[in-house]
Structures are given as structure tokens and as C-alpha cells.
Amino acid sequence: MCEKSKITLTDEELAVRAANGDDASMALLIAAVTPVARAKASGFAGPRISGDDLAQEGMLGFLDAVKTFDASKGSFKAYAEVCINNRIVSAVRTSFNNKNAALSKAVPYETSDVDVTDSSTDPANIVSEKESSEHIRDLLTEELSDFEKQVVDLRLLDMSYSQIAHKLGCSDKAVDNALQRIRKKMRTLLGL
């Protein structure tokens, strides 16, 4: 009985074959690259975008790498890692861009998953919550200094401490101190 020798292909050869439609080569590359994409994604994951979403973006970067790889220019693995990283960074940047805010806050059209017994969707509760938030806003308006109100308004616009300081003509420390005072006043007003 004759034993077949194992033929080992390089990543570069697998990439060329995968680009030409070889599913087995693509499967081998995907198996090798998926852990890389997940590892890179976990470093960028946060409240705005999940690690799984970023890993998927990374895999899209991998597919782009397979399509555009030029074997004469070097290592496929290094090229794929750059493409994966660039795609993940681009997704993170996009998630911080407010032009997608409406989509990220959208409510799905399908109502089959909506719990009709959920009291948060009750119009009476929504009105009550709105009145409560208006009451808190009124209390804060009475308690906060003009400077503190300006700091809160700018912070609610997602401005950094440095941006607020520059806009108000003060130091970063003054902004930080104002936010500390605001938090303390809010805890006192809300009995926390």
C-alpha cells in the first residue's frame, strides 16, 4: 500500500487559489484568519459596536484581501492582517460618526419580538417618564450655575473636556471640576 505524501501550500498559494474560486483553499484561509479577526476586533469592541460585529467587518476585510492580493508583492498573511485591521478601524470610526445615529437608534419594523406586557411601551408610562425628566431638568436649571449649564450642554453634544475648555475659554481642570459639581448636585437632588 502506497502512502500519499501531504502537499502543503503556502498562504500565498492558498490566496491565489481562493481568488480563483477554490472553495477548499478559501475554507483553509478562513479557518486560519478567523482567530486573527476576532483578536483584533476584541481590542476595539465597546458600547457602540460589538466585538462580533467588528469581527465580521474584519472578515470582510479578509475577503477584500483575497480578491486584491498580488503574490509578487509579499506575504498574504501580513497583507490580510492590514486589510482586516483597516476594515475594523473604519467600522469603529463610522460608529462614532453621527450620520449613522438614526439607524443605530432605529426600532425594528417587525413587532413579533415586542413584549406587549412591557410597561415601558405604555403611553402613560412614557408621558410619566417625560414629565419626570422635565422635572429633573427644571431642578438642575435652578441649581446649576451658568458655567455649569454651558458645560452640561456642550458635554451632551459629545464634546471632550478639551473641546469644552477651548470653547468656553477655560482650562480642562475647570471643566472637570464643573462636571464633578454637577454630578454631586444631581446625586443630592435625586437622593442617590
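**Close-up 1. Gly 46 in the loop between helix H2 and helix H3.** In this predicted model, local features need pLDDT of at least 70 and side-chain atom pairs count only at pLDDT 80 or more, whereas totals for chains, interfaces and linings use all residues. Residues are numbered from 1 along each chain as its sequence is written, and side-chain values use heavy atoms, with hydrogens and water left out. Helix H2 spans 23-42 and helix H3 spans 51-68; helices are DSSP runs (H or I, at least four residues) numbered from the N terminus. Gly 46 is partly exposed, at 34% relative accessibility; this class lies between buried (under 20% relative accessible area) and exposed (over 50%), computed with a 1.4 Å probe on protein chains only. The C-alpha atoms of Gly 46 and Val 92 are 9.2 Å apart, although 46 residues separate the two in sequence.

**Close-up 2. Cys 83 and Cys 170.** Cys 83 is buried, with 16% relative accessible area, while Cys 170 is partly exposed at 26%. With a disulfide defined as a pair of cysteine sulfur atoms within 2.5 Å, the count is zero.

Close-up 3. Leaving aside residues up to four places away in sequence, Glu 148 touches (heavy atoms within 4.5 Å) Glu 143, Ala 178, Arg 181, Ile 182 and Lys 185.

Technical notes: Helix = DSSP H or I, 4+ residues; strand = E, 2+ residues; numbered from the N terminus.
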